[in-house]
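Q: Hi! I'm new to this one, could you walk me through it?

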Protein chains: 4
Amino acid sequence: MASNKIKVGIVGGTGYTGVELLRLLAIHPDVELTAITSRGEAGMPVADMFPSLRGYVDLAFSDPATANLNACDVVFFATPHGVAMSQAQALLAANVKVIDLAADFRLQDTAVFEKWYKMPHSCPDILTNAVYGIPELNREQIKSAQVIGNPGCYPTTVLLGLAPLLEQGMIDFSAPIIADSKSGVSGAGRKAEVATLFAESSDSMKAYGVAGHRHHPEIHAQLTQLAKTDLQFIFVPHLIPMIRGMLSTIYVKLAAQAKTIDLQALYEQRYQHERFVDVMPVGSLPETRSVRGSNQIRIALHNQADTGYLTLVVVQDNLVKGAAGQAIQNMNIMFGLPEAAGLQVVPLLP
Amino acid sequence: MASNKIKVGIVGGTGYTGVELLRLLAIHPDVELTAITSRGEAGMPVADMFPSLRGYVDLAFSDPATANLNACDVVFFATPHGVAMSQAQALLAANVKVIDLAADFRLQDTAVFEKWYKMPHSCPDILTNAVYGIPELNREQIKSAQVIGNPGCYPTTVLLGLAPLLEQGMIDFSAPIIADSKSGVSGAGRKAEVATLFAESSDSMKAYGVAGHRHHPEIHAQLTQLAKTDLQFIFVPHLIPMIRGMLSTIYVKLAAQAKTIDLQALYEQRYQHERFVDVMPVGSLPETRSVRGSNQIRIALHNQADTGYLTLVVVQDNLVKGAAGQAIQNMNIMFGLPEAAGLQVVPLLP
Amino acid sequence: MASNKIKVGIVGGTGYTGVELLRLLAIHPDVELTAITSRGEAGMPVADMFPSLRGYVDLAFSDPATANLNACDVVFFATPHGVAMSQAQALLAANVKVIDLAADFRLQDTAVFEKWYKMPHSCPDILTNAVYGIPELNREQIKSAQVIGNPGCYPTTVLLGLAPLLEQGMIDFSAPIIADSKSGVSGAGRKAEVATLFAESSDSMKAYGVAGHRHHPEIHAQLTQLAKTDLQFIFVPHLIPMIRGMLSTIYVKLAAQAKTIDLQALYEQRYQHERFVDVMPVGSLPETRSVRGSNQIRIALHNQADTGYLTLVVVQDNLVKGAAGQAIQNMNIMFGLPEAAGLQVVPLLP
Amino acid sequence: MASNKIKVGIVGGTGYTGVELLRLLAIHPDVELTAITSRGEAGMPVADMFPSLRGYVDLAFSDPATANLNACDVVFFATPHGVAMSQAQALLAANVKVIDLAADFRLQDTAVFEKWYKMPHSCPDILTNAVYGIPELNREQIKSAQVIGNPGCYPTTVLLGLAPLLEQGMIDFSAPIIADSKSGVSGAGRKAEVATLFAESSDSMKAYGVAGHRHHPEIHAQLTQLAKTDLQFIFVPHLIPMIRGMLSTIYVKLAAQAKTIDLQALYEQRYQHERFVDVMPVGSLPETRSVRGSNQIRIALHNQADTGYLTLVVVQDNLVKGAAGQAIQNMNIMFGLPEAAGLQVVPLLP
């Protein structure tokens with residue numbers, strides 16, 4: 001009966017990207033949830049840990065050691081860095097596709113990976129064939145990919161925000177690109193840590209990772225590839241007292257030729273067929289809540305008149321377009337499903 | 001093409017219950033949104049006011065005076081009290097069903113209505129035939145109703161929380177029933193008021209309406225009807241710094257016969273076929289976020305051992321099961337649709 | 001120069017009650033901060049952990065093993081339960097007074113202590129002479145006390161809320177006293193735990209400890225003592241998404257004689273000379289933010305007309321009057337200082 | 001007895017800067033609160049509107065028309081733009097000093113004022129002698145000033161953040177200075193508006209004023225004066241779901257000579273005698289809560305190594321150093337009081 005549904009496994013189902021995959025996949029019309037693993041919680045019904053899933057997910061967490069992931073069509077890794085690369089070989093051998101929501105397959109340069117993630121890369125050959133999973137940039141490669149490195153949350157905002165300019169050579173690289181990004185606290189994950197306690201992070205905000213954030217090299221590598229030239233990139237992330245939501249304010253110096261064209265039209269044209277990229281009308285200032293719970297990303301352009309700079313404001317839900325939603329969008333493409341299958345979620349406002 | 005879809009009109013689409021109806025109806029498989037009125041915003045595309053609806057709702061607000069509501073199959077009133085009763089007669093004459101999310105059709109006793117809402121009731125005859133719209137209590141009458149008085153948010157929690165006890169005579173009415181209820185700020189509506197500004201209501205809480213809240217007579221009337229006897233009822237609502245969510249803690253003195261039966265089993269049996277009522281396992285303490293954005297209501301029972309009292313903890317999303325979701329559930333029943341159509345929304349957690 | 005200042009030590013300065021003691025004592029005119037211990041952070045300047053104290057506290061955390069607490073006049077324990085009782089004997093022998101903000105000296109019945117705190121009580125003789133530190137109830141004993149059991153946060157609201165009624169025999173004990181209490185998340189302490197992460201506890205609320213909370217026996221014992229009779233007490237605490245603030249809604253059945261007197265006047269008279277207890281005008285509904293950061297507690301009375309019940313609404317800052325502020329108030333009394341010394345803090349609103 | 005205290009009047013005491021002045025002045029040792037006016041609330045005790053002030057402020061609001069402000073030594077205007085300039089002449093004639101917390105005396109160029117505030121400037125002669133009230137920049141002029149234009153909240157962060165660089169010629173003006181600023185919602189004032197309702201602005205964030213914010217010309221004018229040259233300035237403010245707190249992330253291109261000196265030392269030296277400016281240790285990332293309720297401003301420097309840019313992170317409480325606290329600091333200087341009188345408030349953390 002469910003035989004023509006895609007069998008999905010999730011490794012590491014107890015964090016925020018894991019439960020978000022479950023929220024979305026539970027009602028995906030073409031998916032059959034087959035296994036959800038958790039080392040620490042094996043045997044516990046998933047809905048006992050996340051009562052929001054009562055009535056939607058009947059599975060229990062299974063032990064990673066014994067879960068029959070090879071019977072899946074695709075396995076999502078919602079795990080710490082390093083797990084996916086340790087299991088990818090075996091899954092691929094069993095003809096199971098892999099979508100990693102951690103960083104194992106995001107950075108083609110293994111030296112950079114090892115510098116930032118403090119571990120050797122155990123399968124550089126698989127990495128070579130992995131596809132960086134932003135559908136709006138790499139759709140064709142994703143169609144035939146066996147392994148997806150699902151992007152970090154921040155990179156998705158910066159890359160989709162800048163792609164039209166980069167593709168058309170509209171940026172003057174004599175000045176650095178500056179991304180001042182802001183994230184809700186769920187971006188820090190579901191780990192017991194003092195810094196992200198309610199009483200520590202509510203009614204307050206801060207910058208962090210200014211000396212170096214792991215998404216900097218990831219963004220820098222992709223920007224360079226899009227620009228087909230080297231460039232300088234400054235990235236300052238901030239922690240904001242909201243659960244979900246990410247907003248990047250991006251400052252770029254426009255190239256001379258940018259001043260003679262209609263940038264708003266350029267963006268609208270570039271993304272006109274993209275279901276999940278919304279170029280906002282001129283003058284808009286998108287709120288993060290306008291995408292809460294959805295796979296939408298919204299972009300607004302603001303010319304800083306006299307300075308020759310353009311300011312971009314980009315919002316997304318860090319757990320959806322910034323993680324689980326984009327991963328499912330990738331899955332849909334890999335399996336020839338409608339790209340929006342299971343992702344027709346109206347944002348929750350208020 | 002859309003001919004066999006239900007044509008839906010919404011009067012008053014700019015408040016929170018209005019936009020919540022839109023969020024849910026926009027992807028309801030059996031509904032065609034036909035008209036959304038707003039006196040103040042006529043002509044403005046709905047998605048300009050609520051960018052969360054971009055790509056989902058293409059309608060513009062129309063002028064209430066000229067909107068052709070008579071062409072609808074059903075009209076929801078997401079308006080202040082008094083509007084629905086002024087238009088119900090004409091709509092019914094045109095064979096349009098009416099679901100009022102305000103109080104016009106909640107209180108059968110017009111004297112009580114007039115005392116609490118400070119206006120005369122203009123159509124007591126229609127009121128007589130109106131049905132109080134809690135499907136789990138009044139499903140049969142809803143099936144054939146032309147007019148639904150959709151319950152207040154607080155009443156839904158208290159009534160579904162107590163119904164099994166009241167139906168089975170398990171409460172000792174020598175003590176008052178006490179409901180200590182807590183609501184997120186969206187319950188106060190989308191009106192510009194100082195008291196519900198972020199800087200006033202964040203990081204703080206208060207009781208309100210202790211001297212008399214409009215939901216007190218509504219709950220009291222329904223409790224009395226369920227109990228088939230008079231009873232005393234104390235109700236203290238509180239304002240909590242969260243957007244959505246409602247939790248009622250209810251204290252009742254158990255009747256002697258209650259001590260000999262399994263109340264947990266009583267509840268599980270009473271609600272076993274109810275899709276939207278979840279009796280939690282023994283010992284559970286439901287969080288409001290476990291129902292965020294969904295039509296679910298969750299109930300947990302806690303015996304206060306030595307005292308002979310039972311404490312009930314009931315949670316719902318005040319805008320969904322407490323308003324728009326329940327209204328759509330009522331609509332589904334009135335039109336013979338699957339009761340959960342358009343309401344299969346997994347709660348948003350985190 | 002500072003020779004006539006009181007030398008103060010704090011054991012366990014890294015939790016919320018510890019940093020709150022530091023905030024208040026740093027500018028207390030009659031106090032010299034002498035030692036702050038922390039097993040885990042010995043050597044670290046206090047202001048490195050809490051930059052809010054930069055310029056106000058120059059001390060570093062010292063090792064509990066080597067800190068010369070015997071040179072202090074008084075030592076506050078802002079530690080987990082069990083620490084104060086292990087050190088009290090030695091301090092008392094050195095003529096150092098002890099104020100414990102944990103539970104070691106709150107419960108005179110050691111069997112009850114051991115049941116709820118799962119550890120034997122190691123110094124019952126000291127306990128016998130310890131004073132329960134609510135100045136408005138026990139001021140005379142506090143003056144000469146060597147050891148103070150500083151009350152739990154919830155008990156302070158319930159006991160000061162009910163004391164005037166209990167002292168005057170105004171409660172009908174045929175019904176249980178019900179306290180429905182709500183606390184900000186800082187009440188859970190500064191421990192790395194998933195349940196109190198921002199993304200878990202923001203924009204949501206829940207009841208907890210319904211099956212049994214440690215403050216139940218503490219409150220019950222004190223209520224019984226004030227009432228001079230046994231009574232039944234139901235206590236349901238709730239976790240609210242705010243940093244600080246506690247609100248207890250208390251429901252009591254009035255005795256017959258209560259109906260013939262002016263309860264508002266009774267309260268105003270009882271507390272007329274109490275600097276930190278504010279009986280609000282008739283009809284008031286205090287917000288927790290009205291006491292944010294201050295040692296104030298505010299009480300409002302609401303008659304539930306027909307039912308014979310009185311509802312009390314009591315607010316305090318759980319970290320101040322509910323913990324550190326009350327501890328300092330006790331210290332002031334013990335050392336003959338003006339009771340409000342160092343506690344003249346205007347609440348932070350907004 | 002109070003004869004040698006400074007008599008203070010406040011015009012417009014019902015907004016957030018007004019109540020913040022009251023919070024701080026209520027316990028200022030050298031101040032006697034003499035009059036607080038409010039057109040709308042004349043006759044109402046101040047503490048009825050703001051119960052946080054019960055026991056601290058006994059005054060009632062008085063009618064602006066009849067309040068004897070001429071008997072004051074200084075009058076603060078916590079009013080909308082335009083009020084102070086309409087009353088300044090008469091007060092100065094009566095030898096009363098004026099501190100305006102609105103914009104009437106901030107912009108020396110009346111054409112710029114009129115463009116941004118849409119009203120003519122009614123007393124340009126007084127403006128000429130008004131002093132821009134940042135003590136750390138203009139202390140000498142403040143000492144003898146009769147009229148202070150108290151700075152906007154954003155400008156204080158940007159100007160104190162950049163002053164050491166500008167004074168020493170350390171910025172390369174071939175690139176624009178970029179200030180990406182974030183403010184808590186109290187910055188929007190205590191006006192009933194939909195956009196700042198809790199349910200609109202909680203758990204979400206947005207940029208605003210990108211097309212032009214009134215603080216842009218104010219900051220630009222002061223930057224130009226400090227730089228002694230023209231320069232380009234990009235300013236993007238954001239609204240953050242917190243009550244208080246402001247964080248500005250500032251990006252500047254360093255001049256060649258900046259690379260040979262120790263910028264951290266430059267800052268520490270520049271501000272070494274400034275009680276309210278805290279240059280954080282190298283590597284620090286200040287949180288807004290570390291200044292909550294206090295007059296402190298904290299600055300951290302971060303070199304963006306390869307790019308030749310410096311990133312500054314500056315935090316303050318927008319209502320204190322960004323408004324009322326700085327106004328009192330100015331008053332202290334004008335009257336020869338200790339500069340920190342009444343401002344020794346330890347930040348409220350957590």
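This is a predicted model: local features need pLDDT of at least 70, side-chain atom pairs count only at pLDDT 80 or more; totals for chains, interfaces and linings use all residues.

Q: Why do you say the copies meet through the same surface?

A: Because 100% of the interface residues of chain A are also interface residues in chain D.

Q: What about chain A and chain B, what turn and shift go with that pair?

A: Chain A can be laid on chain B by a turn of 180° with a shift of 0.0 Å along the axis, and the RMSD is 0.0 Å. For this pair, Asp203(A) is the residue of chain A that comes closest to the rotation axis, at 3.9 Å by its C-alpha. Here too 100% of the interface residues of chain A are also interface residues in chain B, so these copies meet through the same surface.

Q: Then at what angle do α7 and α9 of chain D cross?

A: The axes of α7 (residues 153–167) and α9 (residues 215–227) of chain D cross at roughly 20° and come within 10 Å. Angles under 35 degrees count as roughly parallel, and α7(D) and α9(D) are therefore roughly parallel to each other. Their crossing is right-handed.

Q: Which residues make that contact?

A: From α7(D), they include Tyr154(D), Pro155(D), Val158(D) and Leu162(D). From α9(D), His215(D), Ile219(D), Leu223(D) and Leu226(D) are among them. By class, the contact of α7(D) with α9(D) has 11 nonpolar, 2 polar and 2 charged residues.

Q: Over in chain C, where is His215(C)?

A: His215(C) is in helix α9 (residues 215–227) of chain C.

Q: Buried or exposed, that His215(C)?

A: His215(C) counts as buried, because it has 22 C-beta neighbours inside 10 Å. Leaving aside neighbours within four places in sequence, His215(C) touches Gly152(C), Tyr154(C), Pro155(C) and Phe235(C). Pro155(C) is 60 residues away from His215(C) in sequence, yet their C-alpha atoms are 6.6 Å apart.

Q: Back to chain D for a moment. Which residues of α3 are buried there?

A: In α3 (residues 83–93) of chain D, the buried ones are Ala84(D), Met85(D), Gln87(D), Ala88(D) and Leu91(D). Their cover includes β4 (74–77), β5 (97–100), α5 (124–129) and β7 (147–149) of chain D. After α3(D) comes Asn95(D), with a positive phi near 65°.

Q: Got it. Where do Lys228(C) and Asp203(D) sit?

A: Lys228(C) is in the loop between α9 and β10 (233–240) of chain C, and its phi is positive, about 55°. Asp203(D) is in the loop between α8 (198–201) and β9 (206–207) of chain D, with a positive phi of about 50°.

Q: Buried or exposed, for Lys228(C) and for Asp203(D)?

A: Lys228(C) counts as exposed because it has 9 C-beta neighbours inside 10 Å. Asp203(D), with 24 C-beta neighbours inside 10 Å, counts as buried.

Q: Last one: which residues does the cis peptide bond in chain B join?

A: It joins Leu349(B) and Pro350(B), with omega about 0°. Pro350(B) is in the segment after α11 (320–334) of chain B. In chain C, the peptide bond from Leu349(C) to Pro350(C) is cis, with omega near 0°.

Key: Residues are numbered from 1 along each chain as its sequence is written. Chains are lettered from A and ligands numbered from 1 in the order in which they are written. Helices (H or I, at least four residues) and strands (E, at least two) are DSSP runs, numbered from the N terminus. A residue is buried if 20 or more other C-beta atoms lie within 10 Å of its own, exposed if 12 or fewer, and partly exposed in between; C-beta atoms are placed from the backbone. Two residues are in contact if their C-beta atoms, placed from the backbone, lie within 7 Å. Axes are lines fitted to C-alpha atoms, for helices over the stretch in contact, and angles run from 0 to 180 degrees between N-to-C directions. Angles under 35 degrees count as roughly parallel, over 145 as roughly antiparallel, 65 to 115 as roughly perpendicular and the rest as oblique. A crossing is left-handed if the near helix is turned anticlockwise from the far one by less than a right angle, and right-handed if clockwise. Ala, Val, Leu, Ile, Met, Phe, Trp, Tyr, Cys and Pro count as nonpolar, Asp, Glu, Lys and Arg as charged, and the others, Gly among them, as polar. Copies are superposed by least squares on the C-alpha atoms of residues with pLDDT of at least 70 in both.
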